[in-house]
Amino acid sequence: MKTPVIAPSILSADFSDLTKTFKMLNQSEAQWIHLDVMDGNFVPNISFGMPVIKSLRKLTTKVFDAHLMIEKPERYIHNFKLVGVDVLTVHYETQTHLNRTVDLIKKIGMKAGVALNPHTPVSLLKDIVAELDLILIMSVNPGYSGQQFIEHTYRKIAETKDLILAGNSKTLIEVDGGVNDTNASKLFTAGADILVAASYIFNHDNPLKAINNLKYF
Ligand code: DX5
Ligand code: ZN
């Protein structure tokens with residue numbers, strides 16, 4: 001049976017004890033780890049960057065899925081490769097030359113993703129979908145964990161799926177924001193391949209069980 005890939009976002013983890021967090025993640029059925037990089041410009045919040053990711057890389061062999069919520073992310077593509085990122089996602093809203101950025105990410109050996117804010121239409125990706133490894137649909141306004149899921153996400157997933165099928169491409173769909181055990185199965189049925197969750201997992205009494213709740217329904 002096909003199940004979604006779960007990508008816990010460490011944004012809601014205890015930053016004073018990330019070794020413990022990664023021990024839990026290594027034991028879990030999560031295949032990816034979602035790293036939210038924020039610059040205080042593109043989004044109001046500031047999180048962490050390359051030095052932290054470099055240290056975390058020593059703690060796991062799981063896929064590092066970096067979500068860049070930063071202006072001009074093209075300046076740092078090589079740096080993210082050097083610290084061990086596997087999948088690098090930039091926001092559509094930050095890009096003038098998206099093709100060039102996507103090409104560079106792939107050329108230096110990472111998977112390339114593009115994220116869409118809740119107000120950005122999926123149709124804007126029509127002419128580039130065939131080149132993308134991943135499309136990230138934001139189901140909250142980026143910047144913070146613990147926000148309320150936006151319901152129009154289901155429609156956007158369906159539109160993304162249509163675009164991928166029409167382009168005959170293998171692009172994966174990732175959903176990020178407000179994901180929990182009440183919407184996970186519906187998101188997977190709608191076409192999401194990867195589910196990101198921070199607060200649902202890290203505020204749960206049993207994070208291992210929370211990860212399973214998102215994966216097996
Ligand atoms: C929001 C981040 C998300 C966030 C998800 O800007 O991109 O990855 O950590 O947090 P939850 O799952 O709590 O909505
Ligand atoms: Zn994210």
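Predicted model: local features only at pLDDT ≥ 70, side-chain atom pairs only at ≥ 80, totals over all residues.
Local features need pLDDT of at least 70 and side-chain atom pairs pLDDT 80 or more, while totals for chains, interfaces and linings use all residues. Residues are numbered from 1 along each chain as its sequence is written, and side-chain values use heavy atoms, without hydrogens and water.

Four residues supply the protein donors of the zinc ion (ligand 2): His34 (NE2), Asp36 (OD), His67 (ND1) and Asp176 (OD). They lie 2.1 to 2.3 Å from the ion. Donors are N, O and S atoms within 2.8 Å of the metal (3.2 Å for Na, K and Ca). Along the chain, the spacing is H-x1-D-x30-H-x108-D. His34 belongs to strand 2 (residues 32-38) and His67 to strand 3 (residues 63-69), so the pair ties together parts that are 33 residues apart in sequence. Strands are DSSP runs (E, at least two residues), numbered from the N terminus. Both histidines, His34 and His67, are buried (under 20% relative accessible area, 1.4 Å probe, protein chains only).

Ligand 1 is surrounded by 20 residues, each with a heavy atom within 4 Å. The closest are Asp36, Gly143, Gly146, Asp176 and Ser199. An oxygen atom of ligand 1 is 2.6 Å from a side-chain N or O atom of Asp176. For the side chain of His34, the corresponding distance is 3.4 Å. A polar backbone atom of Ala198 is 2.8 Å from an oxygen atom of ligand 1. The protein covers 100% of the 380 Å² of accessible area that ligand 1 has on its own (Shrake-Rupley method, 1.4 Å probe).

Definitions and conventions
Chains lettered and ligands numbered in written order. Helix = DSSP H or I, 4+ residues; strand = E, 2+ residues; numbered from the N terminus. Buried < 20%, exposed > 50% of the residue type's maximum accessible area, 1.4 Å probe, protein only. Polar contact = N/O pair within 3.5 Å; in protein donor to acceptor, adjacent residues only side chain to side chain.
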